[in-house]
Amino acid sequence: METRRVGPFEVSAIGLGCMSLSHSYGPPPSREQAERVLLGAINAGHTFFDTAAVYGLGHNERLVGEVLKPHRDQIVLASKCGMTRGEERELNGSPERLKQTCDESLARLGVDVIDLYYLHRWDKRVPIEESVGALADLVKAGKIRSIGLSEVGAVTLRKAHAVHPIAALQTEYSPWTRNPEIAVLDACRELGVAFIAFSPVARGFLAGGASDPEKFGPGDFRKGMPRFLGDAFASNLKLLEAFTALAQEAGCTRAQLCLAWLLHKDLIIVPIPGTSRPKHMSENAGAAAVNLSSEIIAKVDELVNERTVAGGRYPPAMQATVDTEDWVA
Ligand SMILES: NC(=O)c1ccc[n+]([C@@H]2O[C@H](COP(=O)([O-])OP(=O)(O)OC[C@H]3O[C@@H](n4cnc5c(N)ncnc54)[C@H](OP(=O)(O)O)[C@@H]3O)[C@@H](O)[C@H]2O)c1
């Protein structure tokens, strides 16, 4: 697979998001299936894996660490700290807590060093400089190799970057979530920070994998997300029809259209789709080889954007943890 730069690393242009192997979109897959996704991803050329201390309350770091152990030297392993209690989404950006979580992440992953460690959310009770200062101490101590931030706006990124170079900023980006286009992408370009696009296939929606909310299983947090509810969802479904036709015109699948659209937007962008199915993993990896014409890109931009998508990204409690500039109030 083509590679892209993330801080000091060359990584596959598409990474693998591992969150849904432990929780989020209904019951997680079996251990056997999760292993097939992770090991299949290695065979498909993925070298960039994304987990977090909070995913499955430690389950995800353990899973990823165990299954990918034989491949440790070939991959770039990213995890996150600062959000530690799952559903309650407790944020704690104090230096002590971040350092403690890092030790716990290292133990669960079974590694001596984490390549990229993100602050999962900025805890606004703690100045960003202090939280990033703690991560800089972890770099000095040899426990992490580089620092990332998640769900922060451009102003916060600049403050953090002044304390220690930030390798990557991770936030939601897909045709149906354009917030990074307000200011964050420009700031990343200017500062030389890689942009990691999470939920790049719109939490399954634009891939055609979430067209019936009635089928969402227990624990699926899309059940509370405004875009998947009521009239907003019905309106978004109309976009999906036209998006399906566009993917046919582009000669790829819907998920591939989302991912290739991101890859064509800028070389600083690395999408990290998540899946619990080996088949979807292969399909998504195949997007790295999809060429899109500027005409198709313009048609995607015109069809799915902040004016045409109905509903906010998150329910209010989750939205409150985010620092990004927002189109949708
Ligand atoms: N920093 C943060 O706060 C944050 C927040 C969210 C996510 N993330 C990271 O980003 C990664 C990806 O985000 P995400 O999982 O939320 O969203 P996503 O990748 O946009 O969507 C995942 C959903 O799409 C479905 N899907 C994936 N590929 C598909 C395909 N080819 N065809 C049909 N359906 C497909 C999956 O279902 P199947 O399992 O059936 O394939 C799953 O339900 C996560 O794993 C995590 O590492 C970070």
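1. The model under discussion is predicted. Strand β4 covers residues 48–50 and strand β5 covers residues 76–81; the two run parallel and are joined by three bridges.

2. The β4 and β5 strands belong to an open sheet of eight strands, whose order is β3-β4-β5-β6-β7-β8-β9-β10 and whose pairing is parallel. The edges are taken by β3 (16–17) and β10 (269–271); each has a single partner strand, so one side of each is left without a neighbour in the sheet.

3. Packed helices are described in general by the angle between their axes and by the distance between the axes. For helix α1 (residues 31–43) and helix α9 (residues 278–285), the angle is about 25 degrees and the axes are 9 Å apart. Since angles under 35 degrees count as roughly parallel, α1 and α9 are therefore roughly parallel to each other. The crossing of α1 past α9 is right-handed.

4. The contact between α1 and α9 involves R36, V37, G40 and A41 on the α1 side, which meet P278, M281 and S282 on the α9 side. By class, the residues of this contact comprise four nonpolar, two polar and one charged.

5. In the second pair, helix α4 (residues 128–140) packs against helix α5 (residues 154–163) at an angle of about 40 degrees, with the axes 9 Å apart. The helices α4 and α5 are therefore oblique to each other. As with the previous pair, handedness can be stated: α4 passes α5 in a right-handed crossing.

6. From α4, the residues I128, E129, V132, G133 and A136 meet T156, K159, A160 and V163 of α5. The contact of α4 with α5 divides into five nonpolar, two polar and two charged residues.

7. Finally, the ligand is surrounded by 30 residues, of which the closest are G17, M19, G204, G209 and G274. The shell around the ligand contains eleven nonpolar, 14 polar and five charged residues. Helix α9, already discussed for its packing with α1, gives the most to this shell, with three residues.

Technical notes:
Residues are numbered from 1 along each chain as its sequence is written. This is a predicted model: local features need pLDDT of at least 70, side-chain atom pairs count only at pLDDT 80 or more; totals for chains, interfaces and linings use all residues. Two strands pair if DSSP finds at least two bridges between them. Helices (H or I, at least four residues) and strands (E, at least two) are DSSP runs, numbered from the N terminus. Axes are lines fitted to C-alpha atoms, for helices over the stretch in contact, and angles run from 0 to 180 degrees between N-to-C directions. Angles under 35 degrees count as roughly parallel, over 145 as roughly antiparallel, 65 to 115 as roughly perpendicular and the rest as oblique. A crossing is left-handed if the near helix is turned anticlockwise from the far one by less than a right angle, and right-handed if clockwise. Two residues are in contact if their C-beta atoms, placed from the backbone, lie within 7 Å. Ala, Val, Leu, Ile, Met, Phe, Trp, Tyr, Cys and Pro count as nonpolar, Asp, Glu, Lys and Arg as charged, and the others, Gly among them, as polar. A residue is near a molecule or strand if its C-beta atom, placed from the backbone, lies within 6 Å of it.
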